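Subject: Structure for you to look through

Dear colleague,

Here is the structure I promised to hand over, with the sequence alongside. Please open it first, and then read the notes below with the model in view.

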Protein chains: 2
Amino acid sequence: MNGEIISIGTELLLGDVLNSNSQYLSKELSILGINLFYHSVVGDNAYRLKQTLLTAFKRSDIIITTGGLGPTQDDLTKETISKILNLPLELHQPSLKHIENYFKNNFCKMTSNNIKQAYIPKGSIAIPNHNGTAPGIIIEKNNKIIILLPGPPKEMIPMFEKYIISYLSQKQNKNFYSKYYRVVGIGESALEDLLLDIIDKQENPTLATYAGDCEVLLRLTANAKNEQKANKILQPYENFIYNKIGQHIYGGKEDTLEKVTADLLLKHNITFSIAESCTGGLVASRLTSVPKISKVFHSGIVCYSNQAKKNIVGVSKQILEQKGAVSPEIAEELCKGLYNKTHTDIVMSITGIAGPEGGTIDKPIGLVYIGLLYNNQIEIYKFHLKGERKKIQKQASQLALNIIRKKVLSII
Amino acid sequence: MNGEIISIGTELLLGDVLNSNSQYLSKELSILGINLFYHSVVGDNAYRLKQTLLTAFKRSDIIITTGGLGPTQDDLTKETISKILNLPLELHQPSLKHIENYFKNNFCKMTSNNIKQAYIPKGSIAIPNHNGTAPGIIIEKNNKIIILLPGPPKEMIPMFEKYIISYLSQKQNKNFYSKYYRVVGIGESALEDLLLDIIDKQENPTLATYAGDCEVLLRLTANAKNEQKANKILQPYENFIYNKIGQHIYGGKEDTLEKVTADLLLKHNITFSIAESCTGGLVASRLTSVPKISKVFHSGIVCYSNQAKKNIVGVSKQILEQKGAVSPEIAEELCKGLYNKTHTDIVMSITGIAGPEGGTIDKPIGLVYIGLLYNNQIEIYKFHLKGERKKIQKQASQLALNIIRKKVLSII
C-alpha cells in the first residue's frame, strides 16, 4: 500500500510549529511496511486543503491527516473531507459524552463550539482521544483509507499507538510486535555504535532509536504471525541488548525515570530526603510528580544560597569557606546536615555549576557532585556535564535519579 | 507572491531525518511577506519529483527546494528541474573551483562524481556554499522563481541568510510584522471568545492563538510596507487586546513565565524563598532554571511530609493537627516559619491536594492554597484546579509564578 501524510495548519506554514508529527508517522508507517511517497503541509484554507486532498486521493491508498480537528472556525479538515467524499457529518454521541467529561474533569467550561468536535462523517469510525477532545476518525471509501488524527503530538501519538497501528497491521496482513527499552546515561550515537550489529541488519527484527530528553528510547520490532512467534524472534536480540547495555536500561515504554525510581522507594518503603543546590528542586519536583510519593518523600531543600546551606541544612561555615559550595566536602556536609533533620533511609545532595556564569578553570561549568548517604556510608559522585544551564540541570537530575534507582536495587 | 517549499529526500519519508528546514524557511518567508501555501516532501524518485514540481509550477510564484543537490546518483533535483524547464546543465567554473578548494581545505579526496555538483541550469545564478560543496541555484523563468538549496541545515541556513534573504527582499515590496503575547490564567477557547471581534475579521492584521502548557501564545500580524506602518496598523488592535486581557499577558514570544518572574525579582533585588508542599519543588525548579537567580533566590523547601512542615519549616504542631496540612492556616504558618529562617523580602507557600489520592468532600483533589508574605502582610489565595496530578502541579506553579510577578509589579 502507498501512503501519504497531510499536515494541516497555518501555524506550520508560518514556521511557528515544527512538523514533528510527519517524522513520527513516517517512522511508524515504514515499520508497518507502508510505502510513504509524500508529505504535504497545507494551511487552514478550504480551497487549498481540498486541492491537496484531491491530489492525494488520486495517488495514494492511505492518507493520514494531522490537525484541523479543533473546535474553532479555522479547523476545516473534517468538513472538507466530508464534502469531497459526500459523507455528511453526524453527531457521534460517545464522542460528545467524552468531550463533556473531558471538560468536567479539567474544570474548564465547555463552549458551544466544542460540540463541533463530536461530529464525524457518516459511516466512519471514531477513535477515542484519551488526551484531548477531538476524536480521531477512520474513513474507508472507494478502496481508500483516510485517517484523521489530531494535531497536538501528545494527543496524536498515543492515539496512533493505541488504535491505528493495530488497524493498519490488520489491513497490511502483517503483524508487528515491539519491545521498548528506556536507556539513561548513554547517548544516541554511542548506543548505535554498541548495537551496530543489529542496526546494520535491519530485517526482522528492526531496531530504532529515538532521542529523548537526556535519555534514549530503543524499539525492537518483529514482524511475525503472532506474539509467541514474535517473542521467539525478539528474545536473542533482547539478550544481546541486555548484554551490551543492560545497566543503562531503566524501564519500558511507558516508564519515566522518576516513576521507576519513586515506585522502587515506595515498594520497599525506603524514606528519602534531598538537598539540591544546582538542580534547584528539579529532582524533588520530578519525584513528587509521582502519586503516593508522600509516603516516603520526607523533604527536599533547595539550598541555592550559601545562607540556606548553612542556616537551613546546617553545613559547616568553615568547610563552606575552605572548600567552596561546589566540592565533594559540601556534598557530604549537605547529606549529613539533612540527615540530622530528617533521619531518612537515603539522603541525597547535589551541588554543581549550572552556568552560564560561575565557572572557573578549576571548577568549570558542568561540574556536579552528587552525594548519597545510606546506612552511615557516604558515596560522592563527580560528573562533568555539557550543555546549557537547563540541560546541565536536567542531566544532573537524570544521573541523580539513576543513582537512587541503582542504590535501591543494590540494597533490597 | 505565493510560495511553496519542496523538501527532497527519501530519508525524510522514512522518518530518519526531521524536516527542520521547512520550519526555518517558513519563518523566514513569513517575515519576508511571501505567502507560503504549501510544503511538500518527496523522495529521491525522478517521476514523483517531476510530478511534485509540475504541481508547484502551476500554483506558486516562488518555489524553494531543499536537498537532492549531492554528488550521488539519487540526487536528482537539478537534473529534473533542468528537464522540466528545458534548461540544459552547464559546467559552472567558479563552482568547480570552489568544490576543488573545499576538498583541498578539508584534506579530502575529491571524487569524480563531485564534478556533477558544479553543473547548473543554463542562465541560472549559482549561490556560493561556504559550508559544503553543492552551490545553491536561482532560476528565473516564465515569471517564476525557483531557488534550489542544499539539504543539510548547516549549509542551507547560512546560504539563505547571506544571499537569499536580500534577493527575495528586492523582489518583494511587502513585509509582515508580528507581535506576540504570552497569556496565562485563561484558556484558548475563552480567549478566542473574548477576542472574537478581531478573529472574525482576520484581514489585516490577523490574530492567531496557540495553546501551550497551561498558557496560550497570541500572535498579531500586520502586512505593511515597513515597521512604522505595521505599528500603526497593530497599535489599535494591541490596545484592544490589552483592554480585554491585559492582566493575563505576562510577556512576548521568547519569554517564559519563570524567566519574566525571575528577572523581575533580580532587577529589583527582591529576595525570595518558598515552602512547597503539593508542587513538590516545581516552582523552585522553574525559577532556578533562570540564570543568575542565585542572587535573590535564598532557598526552597519541599515540605512534603508533616514532619518536614514541623521540623524543617517550623509549622505549629497544634495548627497542623487542628486545621490539616491543606488549609489557609498552614499556608500562613509555612510563610511565617520560613520567614523566620530566611528573612527574604517575599516568602511564598503552596499547599494543596494534587491527587490522585487524598481528596475528601471538604478538601477535594485540586484544592490549593498559595500564601504570600511581604512586608509583614500575608495574602492567602485559594484555587480549585482540575486535571491529573501533573496538570494540577503545573497549573499551581503557573498561578504561583504569576502571583509573584504581580506582587513585584505592585510594589516597585
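In chain B, strand E16 (residues 367-374) and strand E17 run antiparallel and are joined by eight bridges; helices (H or I, at least four residues) and strands (E, at least two) are DSSP runs, numbered from the N terminus, and two strands pair if DSSP finds at least two bridges between them. Within this pair, Leu373(B) stands opposite Ile378(B) of E17(B). Helix H15 (residues 389-411) of chain B packs on the sheet, where it touches strands E13 (272-276), E15 (346-352), E16 and E17 of chain B, and its direction makes about 25 degrees with that of E16(B). Here contact means heavy atoms within 4.5 Å, while axes are lines fitted to C-alpha atoms, for helices over the stretch in contact, and angles run from 0 to 180 degrees between N-to-C directions.

Before going on, please keep in mind that this is a predicted model, in which local features need pLDDT of at least 70, side-chain atom pairs count only at pLDDT 80 or more, and totals for chains, interfaces and linings use all residues. Residues are numbered from 1 along each chain as its sequence is written, chains are lettered from A and ligands numbered from 1 in the order in which they are written, and side-chain values use heavy atoms, with hydrogens and water left out.

The whole sheet is open and has ten strands with mixed pairing, in the order E17(A)-E16(A)-E15(A)-E13(A)-E14(A)-E14(B)-E13(B)-E15(B)-E16(B)-E17(B). Strand E17 (377-384) of chain A and strand E17 (377-384) of chain B stand at the edges, each with a single partner strand, so one side of each has no neighbour in the sheet.

How do the two chains' E14 strands run where bridges join them? Strand E14 (residues 297-302) of chain A and E14(B) run antiparallel, with three bridges between them, and Val302(A) has Gly300(B) as its bridge partner in E14(B). E13(B) and E14(B), by contrast, run parallel and are joined by five bridges, one pair of bridge partners being Ala275(B) and Ile301(B). Six of the six residues of strand E14 (residues 297-302) of chain B are buried (under 20% relative accessible area, with exposed over 50% and partly exposed in between, for a 1.4 Å probe and protein chains only), so this strand is largely enclosed by the rest of the structure.

Helix H10 (residues 257-267) of chain B has buried residues too, among them Leu257(B), Val260(B) and Leu264(B). The buried residues of H10(B) pack against helix H15 (389-411) of chain A, and also against strand E12 (249-251), E13, helix H11 (282-287), E15 and H15 of chain B. Just after H10(B), Asn269(B) takes a positive phi of about 50 degrees.

Some loops deserve a careful look as well. The peptide bond from Gly355(A) to Pro356(A) is cis, with omega near 0 degrees, and Pro356(A) lies in the loop between strands E15 (346-352) and E16 (367-374) of chain A. In the loop between E16 and E17 of chain A you will find Asn375(A), whose phi is positive, near 55 degrees, and which is exposed, with a relative accessible area of 59%. Asn376(A) lies in the loop between E16 and E17 of chain A, with a positive phi near 70 degrees, and is exposed at a relative accessible area of 77%.

With best wishes
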